[in-house]
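The sequence and model come first.

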Amino acid sequence: AYGGFYWIRNQQGDPIGLESGDSKTAYGNAFAIYALTSYFKLTGDNSALELAKKTFLWLEKYSHDPVHGGYFNNLTREGDLREKDNDTITRFDRAEPDWKAQHSSIHLLEAFTELYKVWPDSLLHKRLHEMLTLIRDTITNEKGYLTLFMKRKGESWPSAPARGEVPADLALDGAAGGRVGARERPRADVEVQRVVALEGLL
């Protein structure tokens, strides 16, 4: 009835613990898109592809920032931004409701890249390019680390760098760069390596 995927559910469809509640996240929905797309590629089941498309469009309606780009991570069942004083978000994430997170951003990039391979939609292409640019130019700092959180307009919130995500980010950006035809930036060697891996596939 509400669209999108809950963060955590048991096999009966009920919440598991206080950390989940009725929360939905861009992060969790990114993995849903990736899984559904992979299942479609494996089986040819069109219902999986259609659900992946619907999930992308749900994110577009409720999670996407139409002004500054990127996606808000923490949402309610209905798709509203989840307030920070809510017990669920306090346990789940330190970010303010309208901040954006690197962990959800890189996995959205990953999911959109996979979905675009089987559904070359114009809006999806636009969001794929948007996420690649956001991660490359804003979330990645001058030292090559990923910033954990960003304020709505892209201003970094002081935090420890997300070192554990760097290898995955390099691979994801390289794959996505090939899909959208991105051109490498000379800011740092690592930036070149990220984008040229699959350059020119689109």
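## Salt bridges

Lys53 and Glu50 are joined through their side chains by a salt bridge, at 3.2 Å from N to O; the term means a side-chain nitrogen of Lys or Arg within 4 Å of a carboxyl oxygen of Asp or Glu. The model is predicted: local features need pLDDT of at least 70, and side-chain atom pairs count only at pLDDT 80 or more, whereas totals for chains, interfaces and linings use all residues. Residues are numbered from 1 along each chain as its sequence is written, and side-chain values use heavy atoms, with hydrogens and water left out.

Both Lys53 and Glu50 belong to helix 2, where they are 3 residues apart, about one turn of the helix. Helices (H or I, at least four residues) and strands (E, at least two) are DSSP runs, numbered from the N terminus. An α-helix has 3.6 residues a turn, so residues three or four places apart point the same way. Helix 2 covers residues 46–62. Lys53 has 17% relative accessibility and therefore counts as buried, while Glu50, at 37%, is partly exposed. Here buried means under 20% relative accessible area, exposed over 50%, and partly exposed in between, with a 1.4 Å probe and protein chains only. Glu50 also has its C-alpha atom 8.9 Å from that of Leu36, a residue 14 positions away along the chain.

The structure has 8 salt bridges.

| Pair | Distance |
|---|---|
| Lys53 and Glu50 | 3.2 Å |
| Glu114 and Lys41 | 2.9 Å |
| Glu78 and Arg77 | 2.9 Å |

In the bridge between Glu114 and Lys41, the closest N and O atoms are 2.9 Å apart. Glu114 is in helix 4 and Lys41 in helix 1 (residues 26–43), so this pair ties together parts that are 73 residues apart in sequence. Glu114 is buried at 10% relative accessibility; Lys41, with 43%, is partly exposed. A network of salt bridges links Lys41, Glu114 and Lys117.

## Helix 4

Helix 4 runs over residues 102–118, and its 17 residues should span 24 Å at 1.5 Å a residue; the expected span is 1.5 Å times one less than the number of residues. The end C-alpha atoms of helix 4 are 25 Å apart, which agrees. Of its 17 residues, 14 are buried, so helix 4 is largely enclosed by the rest of the structure.

## Aromatic pairs and charges over a ring

There are 6 aromatic pairs in the structure. Rings of Phe, Tyr and Trp (its six-membered ring) pair if their centres lie within 6.5 Å; planes under 30 degrees apart count as stacked, over 60 as edge-to-face and the rest as tilted. One of the pairs is Phe56 with Phe112, edge-to-face with 5.3 Å centre to centre and 90 degrees between the planes. This pair links distant parts of the chain, since Phe56 is in helix 2 and Phe112 in helix 4, 56 residues apart. Phe56 is buried at 0% relative accessibility, and Phe112 is buried with a relative accessible area of 0%.

Phe56 pairs with Trp119 as well: the ring centres are 6.0 Å apart and the planes stand at 80 degrees, so the pair is edge-to-face. Trp119 is in the loop between helix 4 and helix 5 (122–139), 63 residues from Phe56. Both Phe56 and Trp119 are buried. Phe56, Tyr71, Phe112 and Trp119 form one aromatic cluster.

Which charged ends sit over the ring of Tyr6? That of Arg9 is 3.7 Å from the ring centre, and that of Lys24 is 4.9 Å from the ring centre. The criterion is NZ of Lys or CZ of Arg within 6 Å of the ring centre and within 35 degrees of the ring normal.

## The chain as a whole

The protein chain has 7 helices and 4 strands, in the order β-α-α-β-α-β-α-α-β-α-α from the N terminus on. Of its 202 residues, 44% are buried. Among contacts (heavy atoms within 4.5 Å) with a separation of 6 or more, 55% are between residues 24 or more positions apart. The chain exposes about 9,900 Å², of which carbon and sulfur atoms supply 53%; accessible areas come from the Shrake-Rupley method with a 1.4 Å probe, and for residues only the protein chains shown count as cover.
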